[in-house]
Amino acid sequence: MITALHERGHRVLVETQAGIGSSITDEEYVEAGATIVACAAEVWNKADLVVKVKEPQPSEYGLFRAGLILFTYLHLAPLPDLTDALVESGVNSVAYETIRETDGSLPLLTPMSEVAGRMAVQVGAQYLERPNGGRGILLGGIPGVAPANVLVIGGGVVGHNAAKIACGLGANVTIIDRNLNRLRELDDIYSNSILTLASNSYTLRESIRISDLVIGAVLIPGASAPKLVRRDMIASMKRGSVVVDVAIDQGGCFETSRATTHTDPIYYVDGVLHYCVSNMPAAVPHTSTFGLTNATIPYLLLLADRGLEAACLNSKALAEGVNTYQGHITYQAVAESQNKLWKAFAAVA
Ligand SMILES: NC(=O)c1ccc[n+]([C@@H]2O[C@H](COP(=O)([O-])OP(=O)(O)OC[C@H]3O[C@@H](n4cnc5c(N)ncnc54)[C@H](O)[C@@H]3O)[C@@H](O)[C@H]2O)c1
């Protein structure tokens with residue numbers, strides 16, 4: 001990212017040690033063309049465009065100023081204080097999560113789903129090991145001993161990536177989805193190496209009962225995850241089985257799910273180990289940083305090269321990302337969730 005910006009003549013300021021969590025040193029940033037500055041405040045004060053990963057924290061609100069472009073994940077709907085701070089200061093904010101391409105895809109959410117899907121199997125395999133609290137099953141089995149049964153509920157980006165890794169490790173994999181066309185695609189991709197089932201309470205109940213690892217990966221865009229898996233279904237699983245509810249960031253799709261953290265990731269219900277970490281990609285920040293950057297860079301270069309208004313004229317997807325502009329909320333769902341007024345970006349710009 002730094003190299004691409006530097007080569008196009010932009011000056012890139014990086015807070016010292018900003019990349020340490022992702023195993024990227026200040027020296028590597030300098031080599032790529034960045035200038036290291038002493039603190040985040042200096043970046044906020046000197047830059048025209050601030051790029052982050054997470055939404056600004058309250059300690060940063062005082063650094064907002066009119067006309068500054070902020071490009072990051074914002075998830076403003078449940079954050080009225082941050083929304084007010086952006087509007088009152090006149091920051092023009094572009095939220096990664098609302099950039100939407102014309103085919104309906106959300107390109108800046110996809111890499112995080114890819115990470116979480118692949119990680120779900122890795123985590124599941126680890127917790128199935130006896131010393132980690134599971135029933136002591138090797139996902140792929142060995143010659144003469146059956147592999148584990150892995151059930152993936154929801155065959156979208158997370159589910160597809162989870163199935164790929166579970167298949168690769170030699171597990172018996174089933175994917176359940178309510179979208180039959182999606183199941184047809186998955187069937188074409190995996191041929192006979194996975195079982196696809198239509199989503200209903202019968203297939204769920206029967207599949208869960210015999211599964212060693214269940215991965216929850218459903219999404220209904222704009223809504224809380226449906227509680228597809230009832231507690232009695234969890235109770236029917238073998239003791240020491242594992243459930244990984246990736247959909248926990250939307251409330252979770254198991255009745256027994258509650259959000260956990262990387263420092264305290266698991267708990268048991270009816271003898272079944274639950275892993276429900278709502279920001280799984282944070283455990284692999286090196287991979288996640290590069291994955292996210294690959295996806296943000298085309299939009300970032302447009303913003304840096306042309307400025308917000310011209311960039312949005314060029315990219316309808318980017319225009320959909322504008323959440324606040326010149327003192328107005330410009331994203332309808334954010335305004336509605338906070339009972340506030342909004343104006344379309346095109347009407348203000
Ligand atoms: N915990 C984390 O760190 C983390 C990271 C990334 C994504 N996520 C979450 O993972 C979830 C899945 O994301 P995604 O990118 O794969 O979404 P996606 O839209 O690509 O896929 C969701 C799938 O769920 C299916 N579905 C919807 N209702 C269903 C039902 N009743 N039964 C079976 N299938 C159903 C859809 O048909 C779709 O195929 C989302 O909630 C997302 O926010 C969590």
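Me: Where does Ser23 lie, in terms of β1 and α2?
Reply: In this predicted model, Ser23 sits in the loop that runs between β1 (13–15) and α2 (26–32).

Me: What is its phi?
Reply: The phi of Ser23 is positive, about 60°, although the residue is not a glycine.

Me: Is Ser23 buried or exposed?
Reply: Ser23 is exposed, with a relative accessible area of 54%.

Me: What about Asn339, what is its phi?
Reply: Asn339 is a residue other than glycine with a positive phi, near 55°. Asn339 belongs to the loop between α13 (332–337) and α14 (345–348). Its relative accessible area is 76%, so Asn339 is exposed.

Me: Switching to α4. Which of its residues are buried?
Reply: Helix α4 covers residues 80–89, and its buried residues are Leu82, Thr83, Ala85, Leu86 and Ser89.

Me: Why are they on the same side of α4?
Reply: They are on the same side because the arc they cover around the axis is only 165°. In an α-helix there are 3.6 residues a turn, so residues three or four places apart point the same way.

Me: Which residues are exposed on the other side?
Reply: Asp81 and Glu88 are exposed on the other side of α4.

Me: Which residue follows α4?
Reply: Gly90 follows α4, and its phi is positive, near 80°.

Definitions and conventions. Residues numbered from 1 in each chain as written. Predicted model: local features only at pLDDT ≥ 70, side-chain atom pairs only at ≥ 80, totals over all residues. Heavy atoms only, no water. Helix = DSSP H or I, 4+ residues; strand = E, 2+ residues; numbered from the N terminus. Buried < 20%, exposed > 50% of the residue type's maximum accessible area, 1.4 Å probe, protein only. Arc of directions from axis to C-beta.
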